[in-house]
Amino acid sequence: MTELLEPRAMGRDLVRRDGVRKVRGTATYAFETPVESPAFCHPLQATVARGRITAVDTTAAEALDGVLAVVTHENAERLASTDDAELAVLQSPEVAFRGQPIGVVVAETSELARQAADLVRVTYDEQPHDSVLSADRGDLYAPEKVNPGYDTDTVQGDVDAELAASAVRVEQTYATAMVHNNPLEPHASTALWDAADGGKLTLWDSTQGVHPDRKAVCSLFGLDLERVQVVCPYVGGGFGSKGTPHANVVLVAMAARALPGRAVKLALTRQQMFTMAGYRTPTIQRMQLGADRDGRIRALALDVVEQTSRIKEFAEQTGVPARMMYTAAARRTTHRLAALDVPVPSWFRAPGECPGMFGPEVAMDELAHALGMDPVELRIRNEPDRDPETGQPWSSRHLVECLREGAERFGWAGRDPRPGVRREDGWLVGTGMASSVYPTMRQAQSTATVRFEDGRYVVEIGAADLGTGAWTVLPQIAADALDADVDDVEVRIGDTRYPIASVAGGSSGTNTWGSAIVEAARQFRGKFGRRPEDGDEAQGSVDQAATDDEHATYAFGAQFVEARVHADTGEVRVPRLLGVFACGRIVNPRTARSQFIGGMTMGLSMALHENSAWDARIGQVANHDLAEYHVTVNADVGDVQAHWIDEHDPYVNAMGIKGIGEIGIVGTAAAVVNAVFHATGVRVRHLPVTLDKILPGLP
Amino acid sequence: MPGTDRAMDADIRLRVDGELHELTVDTRTTLLDLLRERLGNTSPKKGCDHGQCGACTVLLDGERALLCLALAVSHDGAEITTADGLAPEGELHPVQQAFLDHDAFQCGYCTPGQVCSAVGVLSEVDRGWPSHATRDLTAAPELSTDEVSERMSGNLCRCAAYAHITPAVQQAGGAR
Ligand code: FES
Ligand code: FES
């Protein structure tokens with residue numbers, strides 16, 4: 001139990017400190033870094049899905065006036081570490097997936113770089129590829145762990161016996177689509193290698209963590225930490241895909257090192273982002289749910305099948321939320337992977353929880369329907385008083401309050417449960433709901449410095465603001481930790497010049513960096529008291545992942561959706577999305593609301609639009625641009641409301657906060673599917689909910 | 001440089017945020033790359049380079065336009081206003097102020113394009129231009145939620161600030 005800071009600046013509705021720069025467009029993102037006479041890079045990509053490069057002819061490209069370098073596996077520097085096969089680019093002639101980077105062209109202008117890239121001739125010894133995920137594959141395997149270190153399988157009690165003894169059963173298979181993060185700012189960098197004195201690399205990179213990015217680059221190139229500086233004041237969205245460096249970072253650093261003293265710039269094209277920047281694996285979720293007539297769950301089983309790439313394993317932890325969400329007399333979760341000739345999957349907003357609260361939350365709706373019970377009540381009936389997986393008490397769990405308040409605000413009471421019976425002007429109308437959850441995590445390493453400078457407090461930490469609001473909320477935390485006015489606090493982030501900060505991932509950023517800042521403030525006041533002098537400085541750190549390991553720490557939420565489905569065309573509209581969340585204390589209601597509605601709207605996008613259509617003949621996403629890969633646009637969105645309850649949690653950290661960046665996307669897609677069922681009587685179990693899946697079943 | 005081949009180059013004049021530029025450009029160069037990679041004006045963003053996202057929206061000769069779809073050579077004499085040119089330094093255009101008031105963005109990468117697009121929308125509505133959402137084609141269009149959402153749908157926001165963007169545009173429209 002920690003003593004919570006008195007909130008004075010925390011909780012205030014302050015405007016973003018970087019707001020003016022963003023509305024004018026003067027905030028500089030990685031590619032935009034002003035440098036003297038930059039050169040421009042264009043990556044070369046494999047045009048076969050599996051095979052071996054037999055020849056590369058760069059003559060025509062190199063003959064072009066203005067081309068500075070063509071780097072391929074034949075002339076690329078040997079990396080110091082090739083442990084990470086995704087990042088070990090240009091080290092061999094092997095091709096593991098279509099679109100894998102096989103070279104990079106550097107030229108005086110971006111037009112020339114692209115022209116030269118077109119002139120490079122590559123021949124391959126092409127091999128048959130295998131890129132189709134299915135639950136029937138004979139080569140599915142159990143990974144050792146699932147991301148980031150959870151058990152692959154769990155079992156409690158006798159699932160088969162409890163299922164057999166259940167009065168009502170739901171046994172169905174659900175599926176989520178392959179989806180790409182697609183932050184609006186492409187993965188991009190500016191890099192400069194200064195060869196003097198053994199060399200120094202300056203990398204302006206679009207990343208969710210300058211320090212983790214630097215560490216990866218240093219190990220790849222065999223450089224000491226002090227020889228690399230990573231700078232990133234602004235990130236144009238990441239959603240997990242900039243949480244770990246991808247191949248573009250290696251290419252730009254190689255290009256810079258090939259041209260010492262010359263800054264080089266590389267931005268992936270939108271199309272290239274579909275092969276090089278990570279994505280969420282498609283998931284196949286076999287769900288078994290058995291309950292007594294009164295709704296108490298006896299058996300809960302979730303068997304997940306998903307994909308990874310043949311060269312690098314990423315095992316999405318889709319079965320994890322089913323381990324702790326509801327009570328069950330017996331429970332089983334498993335994960336099986338197929339290793340395919342496909343690009344490398346990675347983090348996408350709420351890995352695990354997002355897909356893993358789709359199948360189970362739709363199954364809960366199916367169970368409620370089979371029982372003739374209200375779906376909100378079914379969830380309340382299965383509320384566990386301790387974490388069912390570990391037996392630990394909750395640090396705080398207010399799911400029931402979220403459900404009740406959400407139902408109240410949404411106008412859920414008196415809902416007619418019958419599907420497909422409400423018609424207004426040719427539209428079938430329905431409502432649905434689902435629960436949300438996200439673990440409250442703190443990373444093990446972050447340090448902040450507090451310094452008194454010209455009558456103000458300067459706080460430095462290598463944190464990242466991906467639009468999450470760190471520029472604005474970290475000063476609020478620092479102000480309360482120092483007992484100072486927030487206007488007297490300046491926070492500097494996004495540079496490895498500042499003390500080490502953890503990645504902005506797992507909704508752990510504000511928790512981790514804020515905890516370091518609180519500790520630094522404590523050290524500062526302890527040393528210098530309330531009347532510091534110019535230049536007084538202290539540091540504080542977090543060095544363990546949690547303040548408390550006796551409690552299960554999670555944020556919870558409930559989402560309610562109104563769906564309208566056109567009775568003739570099957571078109572789906574979602575005029576209302578309403579979420580209520582219990583996420584500890586909210587540091588800044590303005591930026592928090594944007595995070596919640598952003599996550600919920602991305603969940604709507606997952607429900608109705610997002611689908612990377614895999615062309616198995618050639619091993620590539622067919623719809624690899626923003627015209628064909630659909631995301632929600634303004635006209636797809638109606639009334640989107642995020643609310644939260646006052647939650648006091650003395651166990652999570654000194655601020656009493658939980659992460660809020662990911663929970664909004666969790667559960668939304670299930671709530672949409674459940675609302676579409678209520679509207680039409682059609683249960684869509686495979687995302688996204690498109691017309692072809694609805695039309696045949698319309699009443 | 002630019003294209004290293006004079007046969008592929010052309011001379012043009014452009015006014016960008018009030019400043020006149022006389023330039024020799026590679027005829028393959030888009031206005032977007034010209035601004036971002038040669039003139040150092042990175043207010044318009046590149047999200048797709050294919051006219052699919054709206055991040056590069058500016059006012060081109062007074063109308064909203066996508067710079068990634070505009071070849072520089074075909075816009076000799078054009079006048080461009082980016083989000084950074086909408087108001088003098090230290091001041092904000094009413095649309096920009098409304099975006100701040102409503103927190104109508106997160107990462108900010110789509111924002112200069114959204115802002116320019118919104119300025120264009122307000123002017124189009126003022127001039128009575130209908131949209132797909134306009135019910136009565138004989139009446140002056142209003143800044144209803146449907147109208148604004150429809151007209152702003154060419155500007156993707158992956159942070160999904162739409163529910164804040166629409167009221168921001170309405171606020172700016174009301175303030176005119
Ligand atoms: S960059 Fe021009 S529309 Fe996307
Ligand atoms: S604010 Fe990030 S894409 Fe719109």
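1. Contact range in chain A. Of the contacts in chain A between residues at least 6 apart in sequence, 81% join residues at least 24 apart. The model is predicted, and the points below should be read on that basis.

2. Overall dimensions of chain A. A compact globule of 699 residues would have a radius of gyration near 27 Å, and the 26 Å of chain A agrees with this. Along the principal axes, the C-alpha atoms of chain A fill a box of roughly 75 × 70 × 50 Å. The accessible surface of the chain is about 23500 Å², with 46% of that belonging to carbon and sulfur atoms. Buried residues account for 66% of the 699.

3. Secondary structure and domains of chain A. Chain A has 16 helices and 29 strands. The domain assignment gives domain 1 (33-127 + 184-237 + 242-276), domain 2 (145-179 + 279-440 + 550-697) and domain 3 (445-546). The centres of domain 2 and domain 3 of chain A, taken over C-alpha atoms, are separated by 35 Å. Contact between these two domains involves 15 residues of domain 2 and 15 residues of domain 3.

4. Three-stranded sheet in chain A. An open sheet is formed by 3 strands of chain A in the order 4-2-6, with antiparallel pairing. Strand 4 (94-95) and strand 6 (121-126) stand at the edges with a single partner strand each, so one side of each has no neighbour in the sheet. Strand 2 (residues 51-57) is joined to strand 6 by 6 bridges, and the two run antiparallel. One residue pair can be named here: Gly51(A) has Glu126(A) in strand 6 as its bridge partner.

5. Strands 21 and 24 of chain A. Strand 21 (residues 446-453) pairs with strand 24 in the antiparallel sense over 6 bridges.

6. Nonpolar core. The largest nonpolar core contains 230 residues. The residues with the most contacts inside this core are Val264(A), Ile461(A), Leu474(A) and Phe99(B). Leaving aside residues up to four places away in sequence, Leu474(A) touches Ile461(A), Ala463(A), Val491(A), Ile493(A), Trp513(A), Gly514(A) and Ile517(A).

7. Ser507(A). This residue lies in the loop between strand 23 (489-492) and helix 13 (509-528) of chain A. Is Ser507(A) buried or exposed? The relative accessible area of Ser507(A) is 13%, so the residue counts as buried, the cut-off being under 20%. Apart from residues up to four places away in sequence, Ser507(A) touches Tyr438(A), Met441(A), Gly659(A), Ile660(A), Gly661(A) and Glu662(A).

8. Chain B. The domain assignment divides chain B into domain 1 (9-85) and domain 2 (94-174). The contact between them takes 17 residues from domain 1 and 16 residues from domain 2. The C-alpha centres of these two domains of chain B lie 22 Å apart.

Conventions
Residues numbered from 1 in each chain as written. Chains lettered and ligands numbered in written order. Predicted model: local features only at pLDDT ≥ 70, side-chain atom pairs only at ≥ 80, totals over all residues. Heavy atoms only, no water. Core = buried A, V, L, I, M, F, W, Y, C linked by side-chain atoms within 4.5 Å. Buried < 20%, exposed > 50% of the residue type's maximum accessible area, 1.4 Å probe, protein only. Contact = heavy atoms within 4.5 Å. Pairing = 2+ DSSP bridges. Helix = DSSP H or I, 4+ residues; strand = E, 2+ residues; numbered from the N terminus. Rg over C-alpha atoms; globule rule 2.2 N^0.38 Å. Areas by Shrake-Rupley, 256 points an atom, 1.4 Å probe, with all protein chains shown as cover. Domains from an automatic or database assignment.
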